[in-house]
Amino acid sequence: MEAVLQNPRLMIPGPVEADDDVLAAIGAQTLPHYGAAWMRLFDETTQLLQQLFGTKGSVLMIPGPGTAALEGAISSLVPRGESIVTLDNGFFGSRMVQIVEACGIHAPAVRAEWGQPVEPDALRRALEAIVPRARADGQQVRAVAIVHHETSTGVLNPVRELAAVAGEFDLAVIVDAVASFGGVPVEFDAWGLDACASVPNKCLGAPPGVAVMAVSERAWEMAKANPTPHGWYLDLKTWAWYIENWGDWHPYPTTMPTNNVAALHAALEKVLAHGPEHHFASIQWAADCTRAGMQELGFTLFPAPDAAAPVISALITRPDVSPADLQAYLARHGLMISGGLGELKGKIIRVGHMGRAKEPAVVEALLEAVEGFLKEKAQNH
Ligand SMILES: *Cc1c(COP(=O)(O)O)cnc(C)c1O
């Protein structure tokens, strides 16, 4: 019982539980971050990432959380005092506004209600107003920042269409794909993206510790031309220098978390083994199954149904069910789910479908436990 309580099944929106072979990879003896054996692993991992990002260009592995990569992209690409139009329809959109502003960059926001996607037409209308206004104020809009899967609401923003609108204004596109990469298609080159960041510990099913980011040619040029990067380590110009000058043995400025990269490599091989569509479908299956079961029990999907991502299910609880009580009951039965963030706290629950949470037995265990909770509740009244 003690062990169950200490190690619940993680059905939260990340981090996720990894498969045993991924854990074996991270548990193998540490390699130095240079030398032939490591470089083989590094190059292969880079190629697998390129394949999944849909890019022939650069992919970086940056030690740290997804936020490190995002902050690096934002502060490297755009000089202080200029603007990044930032899409905000949830907790992580608001976080992006905070990151942009912390870098000394203006973040005029295009907002949509929580639970709704940001529509491409809304972005176009906003840019038609913001771009000339910025210019009149003597500065420039340089980029658009988009959260792909807004994990606080379960909404998938239409990045392909939004990036096309940014393209009409010749703006770079920075994407937080932390909770979408590996769960739904991301086509970096075809969609015209410039920086797209993610992590191993959501849809890829590996432990946290290293961020990944695809970087376009235009992004490298913007970074090299930026006179005001706000640091050294997360400045893409620093990374470019190491790729260009130390490329054959150490194409990054610092020590690499080689164990984390080994786990990422193992996870990517699994995601790509039968084609990524197969992996996407297994997450979608868990989402469909969970939603059907929970709706039968009286819960309602929170996001607009045609904008709901498969990655998590954000569900409005029945009026007689407090999210905290349900979470506590599930915790006693070895299952960990999440509640709402920000304005959705106390209103919704969030169930992740990534990592081992997508296994049929785990989905079944959740539905059974929720049924048990409702039965117990009915008996106590
Ligand atoms: C989890 C998450 C983050 C935070 O990622 P870190 O690795 O903790 O920096 C950012 N954005 C989205 C959309 C997320 O789901």
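1. Strand pairing at Cys-196. In this predicted model, Val-175 has Cys-196 of strand E9 as its bridge partner. The two strands concerned, E8 (residues 172–176) and E9, pair in the parallel sense, with 3 bridges between them. Cys-196 also stands opposite Ala-214 in E10. Strand E10 (residues 210–215) runs antiparallel to E9, and 4 bridges join the two.

2. Burial of strand E9. Strand E9 spans residues 195–198, and both of its faces are covered. Ala-195 and Ala-197 are buried on one side, while Cys-196 and Ser-198 are buried on the other.

3. The residues around the ligand include Pro-65, Gly-66, Thr-67, Phe-92, Val-147 and His-149. Thr-151, Asp-176, Val-178, Ala-179, Val-199 and Lys-202 are also among them. Sorted by class, this shell consists of 6 nonpolar, 4 polar and 2 charged residues.

4. A nitrogen atom of the ligand is 2.6 Å from a polar side-chain atom of Asp-176. On its own the ligand has 390 Å² of accessible area, and the protein covers 83% of that area.

5. The salt bridge between Arg-142 and Glu-82. Side chains of opposite charge can pair when their charged atoms come close. The count of salt bridges in the model comes to 13. In the one formed by Arg-142 and Glu-82, the closest N and O atoms are 2.9 Å apart. Arg-142 belongs to strand E5 (residues 141–147) and Glu-82 to the loop between helix H4 (66–77) and strand E3 (83–88), so the pair ties together parts that are 60 residues apart in sequence. Arg-142 counts as partly exposed because its relative accessibility is 27%. Glu-82, by contrast, has a relative accessibility of 14% and therefore counts as buried.

6. The salt bridge between Glu-168 and Arg-124. The side chains of these two residues meet at an N to O distance of 2.9 Å. Glu-168 lies in helix H7 (residues 159–168) and Arg-124 in helix H6 (residues 120–136); the pair links distant parts of the chain, 44 residues apart. With a relative accessible area of 25%, Arg-124 is partly exposed.

7. Further salt bridges. Glu-359 and Arg-356 form a salt bridge in which the closest N and O atoms are 2.9 Å apart. Glu-359 is partly exposed, its relative accessible area being 26%. Elsewhere, a network of salt bridges links Asp-19, Asp-21 and Lys-270.

8. Backbone geometry. Most residues other than glycine have a negative phi, and most peptide bonds are trans. Where does the model contain a cis peptide bond? The bond from Gly-14 to Pro-15 is cis, with omega near 0°. Pro-15 is located in the loop between strand E1 (9–10) and helix H2 (20–27). Asp-170 is not a glycine, yet has a positive phi of about 60°. Asp-170 sits in the loop between H7 and E8. Is Asp-170 buried or exposed? The relative accessible area of Asp-170 is 60%, so this residue is exposed, the cut-off for that class being over 50%.

Notes:
Residues numbered from 1 in each chain as written. Predicted model: local features only at pLDDT ≥ 70, side-chain atom pairs only at ≥ 80, totals over all residues. Heavy atoms only, no water. Near = heavy atom within 4 Å. Polar contact = N/O pair within 3.5 Å; in protein donor to acceptor, adjacent residues only side chain to side chain. Areas by Shrake-Rupley, 256 points an atom, 1.4 Å probe, with all protein chains shown as cover. Nonpolar A, V, L, I, M, F, W, Y, C, P; charged D, E, K, R; others polar. Buried < 20%, exposed > 50% of the residue type's maximum accessible area, 1.4 Å probe, protein only. Pairing = 2+ DSSP bridges. Salt bridge = Lys/Arg side-chain N within 4 Å of Asp/Glu carboxyl O.
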